[in-house]
Amino acid sequence: MLAPMEGVTDFHMRRILTAIGGYNRCVTEFLRVTDHLYPDRVFRRCCPELESGGCTRSGTPVYLQLLGSNPQALAQNAQRAVALGAPGIDLNFGCPAKTVNRHGGGSSLLRTPDVIVEIVTAVRDAVDASIPVTVKMRLGFDDSSLFLDTARQIEAAGATELCVHARTRNDGYKPPAHWHQVEAVRQSLAIPVIINGEIWSDSNSHQARHDSGCRDVMLGRGALSRPDLAVQLCKSAGQTDHRVMQWPEVVELLQELLATAADLPEKYAGNRTKQWLTYLRREYPSAQELFERVKRLRSFDEISREINQHYTSVVQNNLTPGGVPV
Ligand SMILES: Cc1cc2nc3c(=O)[nH]c(=O)nc-3n(C[C@H](O)[C@H](O)[C@H](O)COP(=O)(O)O)c2cc1C
């Protein structure tokens, strides 16, 4: 699965990454619910895939992610999302952002499992039994003492699936992810448990699955730093024949992402492309070089020209994934 990443995995990114392959599912950015029902246009903006059967162009289902602490309001909005065509609802109990937590949403709810249970129950009851209601959580807020009990209650409340980002809220994004701590939950639940956190490579994926006992993984930043990581994992599971993506192909994806920003106000046009380069440079040294060249550029045309020039030069020099000439 492709992890939800606010401000990153928008409609365009979901389309680009799922088209490469390897994903069974992805999730929208979050829709933050307070106490009212959103008008339909808000759901369509959050999930443009609603216009195409709730799937990305390559056919990957997109679950609509809700974040909030009001069970009734979340249930109402979940019902509406499903009526508009969402193939599943994903509930966020992992977001560490201070503003979100101050309003009682995301990972702060891990301190009050009763509210989590109310939310899952209300959302489960509000949508047809055929619609998956998935939950994403961390190990806990300060520590993982409530983790097993909370996970059991989430299952009892009717969640279809549980994804665990194997860190507490206090861990933030600091490595390592504690995959082994998910093992007891995986053993005690009948619903699928999905392991997430710090999976950047095939060997990380093997280790995470080994330590947690989970069959499935959710990829976050790893999917951004290696756009074909999911296919690589499928390849190692013998499901596909895949050649590691070369840097010029990645630059083509950057060009594709940039093209989606052509109509944005100038000051935003290159933001997502620059952001992606900051993830890509973990795997591709050439991404750092390109980032240095575009980071101060503002206009769409300047950024586009720079990336196109870079593309021409790497294709001519026939660079390997790391940016080293073969
Ligand atoms: C920029 C960013 C935005 C994120 N937004 C969300 C979100 O909206 N909902 C959510 O459940 N998790 C969110 N996450 C957490 C990721 O889904 C994932 O759990 C986390 O990054 C750990 O996985 P990774 O180590 O593979 O990146 C976000 C993470 C990042 C880096």
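These legends describe close-up views of one predicted protein model with a ligand.

Residue numbers start from 1 along each chain, in the order its sequence is written. Because the model is predicted, local features need pLDDT of at least 70 and side-chain atom pairs count only at pLDDT 80 or more, while totals for chains, interfaces and linings use all residues.

**Figure 1. The whole protein chain.**
The protein chain has 15 helices and seven strands. Helices (H or I, at least four residues) and strands (E, at least two) are DSSP runs, numbered from the N terminus. The radius of gyration is 20 Å, close to the 20 Å that the globule rule gives for 326 residues, so the chain is as compact as a globular protein of that length. That radius is taken over C-alpha atoms, and the globule rule is 2.2 Å times the number of residues to the power 0.38. Along its principal axes, the C-alpha trace spans about 60 × 45 × 35 Å. Of the 326 residues, 46% count as buried. A residue is buried if 20 or more other C-beta atoms lie within 10 Å of its own, exposed if 12 or fewer, and partly exposed in between, with C-beta atoms placed from the backbone. Among contacts with a separation of 6 or more, 67% join residues 24 or more positions apart. Two residues are in contact if their C-beta atoms, placed from the backbone, lie within 7 Å.

**Figure 2. The largest nonpolar core.**
This core has 93 residues. Leu66, Ala78, Ile89, Val123 and Val164 touch the most other members. Domain 1 (11–236) and domain 2 (247–317) both give residues to the core, so it lies between them. A nonpolar core is a set of buried Ala, Val, Leu, Ile, Met, Phe, Trp, Tyr and Cys residues joined through C-beta atoms within 7 Å. Leaving aside neighbours within four places in sequence, Ala78 is in contact with Leu66, Ile89, Val123, Ala126 and Val127.

The domain assignment gives domain 1 (11–236) and domain 2 (247–317). Such bounds come from an automatic or database domain assignment. The C-alpha centres of the two domains lie 29 Å apart. Seven residues from domain 1 and 10 residues from domain 2 form the contact. On the domain 1 side, helix 1 and helix 9 each supply at least two residues. Helix 9 gives the largest share of that side, three residues. By class, the domain 1 side has three nonpolar, two polar and two charged residues. Ala, Val, Leu, Ile, Met, Phe, Trp, Tyr, Cys and Pro count as nonpolar, Asp, Glu, Lys and Arg as charged, and the others, Gly among them, as polar.

The ligand is surrounded by 22 residues. Ala3, Met5, Glu6, Gly220 and Arg221 are the closest. A residue is near a molecule if its C-beta atom, placed from the backbone, lies within 6 Å of it. Strand 1 (26–32) and helix 9 (221–225) each supply at least two residues of this shell. The shell has eight nonpolar, nine polar and five charged residues.

**Figure 3. Helix 1 and its packing.**
Helix 1 covers residues 11–20. Its buried residues are Met13, Arg14, Arg15, Ile16, Leu17 and Thr18. These pack against strand 1, strand 2 (62–67), helix 9 and helix 11 (247–259). Just after helix 1, Gly21 takes a positive phi of about 115°.

**Figure 4. Lys136 in strand 4.**
Lys136 lies in strand 4 (residues 133–140). With 25 C-beta neighbours inside 10 Å, Lys136 counts as buried. Not counting residues up to four places away in sequence, Lys136 touches Asp90, Asn92, Phe93, Gly94, Cys163 and His165. Lys136 and Phe93 are 43 residues apart in sequence, yet 5.8 Å apart in space, C-alpha to C-alpha.

**Figure 5. Backbone details in two loops.**
The peptide bond from Pro175 to Pro176 is cis, with omega near 0°. Pro176 lies in the loop between strand 5 (161–168) and helix 7 (183–188). Glu198 sits in the loop between strand 6 (193–196) and helix 8 (202–212). Glu198 is not a glycine, yet has a positive phi of about 65°. With 22 C-beta neighbours inside 10 Å, Glu198 counts as buried.
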